[in-house]
Amino acid sequence: MLEQYVEPATTVDAAMRAYSGSATGWEKASDYVYAQPCPQGRPDQVVVDTALRRRSVHPLPPTFAAQMLHYQYRSYMGLFPQLQCAWLTVDSNLFLWSYDLADPAAPSRPSDLYVYEGIHQVIVSVAVVSPRPGVFVDSVKWLVAVATSADVTLLGVEFSPAGEINLVPTHISIATDNILMLKIVSTPDGRIFMAGADGSLHEFVYQSNPRSGFFDLLSGRPVKRARKVVHSKSSLVDYFPSYLKTIFAKRDELVDIVADASRAALYTLSQSGSLTVYNIQNPTSTIHVCTVNVAHESRNLVSFSAPAGEREYVSLHVVPASCLVSVHVIVVTSFGERIYFSAAASASSSAQSASRMRNDFAATRPRTLTCVGCRPSPDRTISRSTRPCVHNAWCERGAAVFADLRPANVDRLIVVHPDSQLATALSEPRGSRPGTVRSKEVVMEVLLDEVSGAQSGGGGERMSTPFGSRPEMDGGGGDAQAPENRTFAIADASAGDPADRNLSMDPVPFDPPGSFLVLSATALYVYERIPPVVRLTEILEAGGGAASDIASFFERHGTAEAFAMCLEIAVTSPTLQRAAASVLYTYGEGGSGDKGDGRSGGSSGRRSEADSPYTYSEGKHRGGNVADSYFDIGRPSLQVTPQSRLSGAHDGVSLYIAKIVYPIWNEYLTSERNPDGFQALVAPREVLVRVRDQLLHIVSFLDSYPADAMFRDSGSFESNRIERRDHSGARNRLSLLRPNDMPRQHDQDRMNVDSRGRYTTRENMESLRRRSSSIAALKKLAGRVVEALAFLLILEDHQLHRLAVSLSKENRALLANIRFCEFVAGDEGMALSAALVEAIFGGYSDGMEALSRVGGVLRERCPGYFQASDVELHRGLALLREAAQLVSGIQEERRASEEIASGGWSGDTDRAASALIAAQNYAATAAKVLKSVPDRIFDVDAVCQEFEAAQAVPSMIDVALTVGKLEESRGKHERADVAYHAILRAIGPFVNIGNTAEGINEENCLVDYERLRESAMQVALNAESETFLRKLYEFLLGSKAGEEVILNSSGISLEKYLEETKRLDILWRYCAQHGRYFEAAGVLLNLSEAGDDTSLIDRVNFLSCAMHNAKTAVVKGDSRAGALLAEISDFLDVAKVQLRVREELVRRHAKSREVEIALEELDNSVFGLSTLFNNYARPFNLYEASLEAFRCGVNVGELYFVGRNGVQ
């Protein structure tokens, strides 16, 4: 049954690799592609090119803006996206403004502005940090660290029920020793690090309950709860007083500091370009790992060399391990260059897969710093003679925004966005590796517009934006005018904006952010990149747009990506479902196996075979155009059959499914790899529900628009007009006409080659069937994943960690190490799901009622994991449990009664007998039911144990033999061996093999023991499996009782086994036991002649027994026995002579080397009379033996051995 899911699962897995590879390929981007932003004020215009638009503008509150004009020393601005607020410092005052991105038209309220005036020094930096666990009350989720020239203070952040922010003093602070802390960051566990103007890394260490020393108690001094620790390398200057440090110390202040929690790393960047990485894995220590010079490491990668001091370093940006593996941190220069560094030990470790890096946390520890790449400036006007321009930058998940201050009155924002769809659609040079995605980056530029009505003050401009520093207002008093359209901060808008998220698809860890915030002195701007799916939606809502709009869109984004977007629209927009379906199936006839025709992006584009990352099948012909073979000069034209291929719609469906299931597809089911640990699902419940609901939409859509019907209708799609209703209720006509100048693969595929080398139009039904069946297979896979997710939700409802404890050791190990994709389409997943279902029912005391109640839920939500055969399976198991419980109750009552009576069972024998009969009936019925569904019994060992508990060993053997025979026929011999081993374990106590105390013995057996033993042995010996019978015979021959069972049984397979295994000692007894004395005599005769390890006395005994059996055969009237009896008699006489020779040799001669050799030879085989006389009796002067040999020779007619001299 699972075979139908293997091919579509492989397709989805390949699509997922291509999707993640293209989305995370921005570090290897090859080119910049420049585009213009979407024109404002024309929302009805359909823009096909990549577009950036300003979504909203939030003017700063008047009070907030007015405070910037009245500062004396310093003023800074920034954003706290975690708190959804902007901050402003004016000398020693801290202002917070809570913005609302969801309602840009809402007026600013007085409660949105908060002022904190508890700081008494000029503020130099502010940051939101995480609190240490257990130090503050639960309502304090964040802290605000405020640094002045004298100290750093922590303020608690609390929110009122109405959402108003409030800062609470914590009375935790440290002195800075007159060092300016230019930037503050924290780790998720609450460690606070600070970048000092002295070029050192400082840490703010605090605790909840400080310990008081003896001298502290005597002096009455307050105990310090916090201290400052310096982690940078120390030098002699560090021990100078503060006033001397400013004279002798070389100033190289840190311009940025970032923490990477995913790799336990901390990075610092100095003004001179020194990049340092620290290992912060230990929560109480910070280990310096490596320091490199950015300019030196990237000297061969930057686009051009700048004069000393011109290229400055603006900021650092961390790339989490969940986003990318090969790049760990990005350095942004004042030219807009991005220099990529890796902290991995080597290039090979940097190239590890993202899934392994997520699961092997120790592999991500920082080891060194290596420059792994550099992207040149996206500014086309940059050159060696250009003055550095970038003063603020933001990089996250491949996207980047640079603030350029060269325009006189307004910043120019340079937005860089990775575009894997563009890389897929644009043509690549021929000869590139198939399936390689070389991502391109789209560059968009926008001016930071002025806000109407902004206030302006008098006086000169005193706000500066130095390179490599923070935008600040630094003056000497009086009023000042802020540069209204300069950028003070850039942040991800999705951090606190629910409206920014796509309703149908949540972003995966490596998806670039779709929107960002820009803070200026007058307003907060929200910019967003128009998603391609929105543009396609606009095309469909506009009735299809111009004739070339859809064709251009498909050419722009490539087949698979465009079809995936069509499917997304179809499943999320009911009003556009029919239109999207028509586009999907009409333009989706060409696919991953199409031949190229020189065009790019469409279903017949040149990249569709050689360069598309969505070509999943291997070994396909990758030649040129099919038509090229008909113009081969010098050779006759060859008739070529167009290659069978899947559809572009298939590629789109597989890619869309891959995007949906990406968060869980290759992840482990549980969070603990130790089978004995606490097992819980890795994915949160809301993720499972979201993925399930999205896949249900896909299945519903594919049911409403089946591929076979839609592909047949798509041939006449040009003349179709699809109707829809707009918001006003009027009926429109949605025209999705194909442009006349765009040849369609659908038309070309209807052409077959005739004898003249020309094409005739027709498409065979086999191609249509393959296209339809491929999409139908993907629909089945989506339904299978839906059922798997529903099953996981049921497991969570039944407390998975409790179910895991009841599993067998093998199933616990499987649960701890299985991935979701294997659970969906693998045999291990079926076996594990069966064990988990059994664990669910095992937790209910009311077996049959639980089967009806819980089984109905399973059948409704996940029928693939609980089929009709599973109902029968668990009905049989429920009956079996009832039988085991009855037997257990009888045994408990019997033991209790025996302890009281101290001599015998005095319980209710009639009631016990009735219960025992009921248990036997339950077990027999259970065996009959279970034999009907052997393919659903995955844990056969557990089932056999239940039968043993019910003392129904014959029924258990019958069921286990049925399961074993089925697994043998499937080629799963290991699982068959499990069933056979359970049978041998059960019958072991009957033949005194194994631990008889644990099995059924005469003491604990409630039924007739001998009858039970005989019945079990009879069922086992009557098995049809030759494999099991050989195992059984070998097992029984391990004890005397087992040998007796063998001797009393019969069968051709037994005789064959005894002959093949050379067990002649058992075979002759078997033949004699069954009255076959002639055969027994023959086996004994062979036994006396075989082997060098048999002693001479044993050979004589074998011959004696053989003669006895031969005589019995003669008496029984066997005509064959006479000749055999004569042969055995003669051979026995010779053997006795040889025994006489040996005895006399031992008696007459002392031990010597010659005598020992002779004795060994006499023991190894039976010789003839001549050999005995000439080689042993005569050379050793054995007279008695010689006479015995002469007498025997007369009897057997061998007189020639005496020789010429006769007997002395």
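A: In this predicted model, helix 15 covers residues 685-704, and its 20 residues reach 29 Å from the first C-alpha to the last. That span is close to the 28 Å expected at 1.5 Å a residue. The buried residues of helix 15 are Val 687, Leu 688, Arg 690, Val 691, Gln 694, Leu 695, Ile 698, Val 699, Phe 701 and Leu 702. An α-helix has 3.6 residues a turn, so residues three or four places apart point the same way.

Aromatic contacts come next. The whole structure holds 17 aromatic pairs. Tyr 525 and Tyr 527 count as stacked because their ring centres are 6.1 Å apart and their planes meet at 25°. Tyr 525 is buried at 0% relative accessible area, and Tyr 527 is buried at 1%. Phe 791 and Phe 823 form a stacked pair as well, with 6.0 Å from centre to centre and 20° between the planes. Since Phe 791 belongs to helix 18 (residues 765-797) and Phe 823 to helix 21 (residues 820-825), this pair ties together parts 32 residues apart in sequence. Both Phe 791 and Phe 823 are buried. Ring pairs also join Tyr 525 and Tyr 527 with Trp 394 and Phe 516 in a cluster.

Arg 784 lies over the face of Tyr 865, 4.1 Å from the ring centre, while the charged end of Arg 132 sits over the ring of Tyr 206, 5.7 Å from its centre.

Finally, the loop between helix 26 (940-949) and helix 27 (953-969) contains Gln 951, whose phi is positive, near 55°. Gln 951 is buried, at 8% relative accessibility.

Notes: Residues are numbered from 1 along each chain as its sequence is written. This is a predicted model: local features need pLDDT of at least 70, side-chain atom pairs count only at pLDDT 80 or more; totals for chains, interfaces and linings use all residues. Side-chain values use heavy atoms; hydrogens and water are left out. Helices (H or I, at least four residues) and strands (E, at least two) are DSSP runs, numbered from the N terminus. Buried means under 20% relative accessible area, exposed over 50%, partly exposed in between (1.4 Å probe, protein chains only). The expected span of a helix is 1.5 Å times one less than its number of residues. Rings of Phe, Tyr and Trp (its six-membered ring) pair if their centres lie within 6.5 Å; planes under 30 degrees apart count as stacked, over 60 as edge-to-face and the rest as tilted. A charge sits over a ring if NZ of Lys or CZ of Arg is within 6 Å of the ring centre and within 35 degrees of the ring normal.
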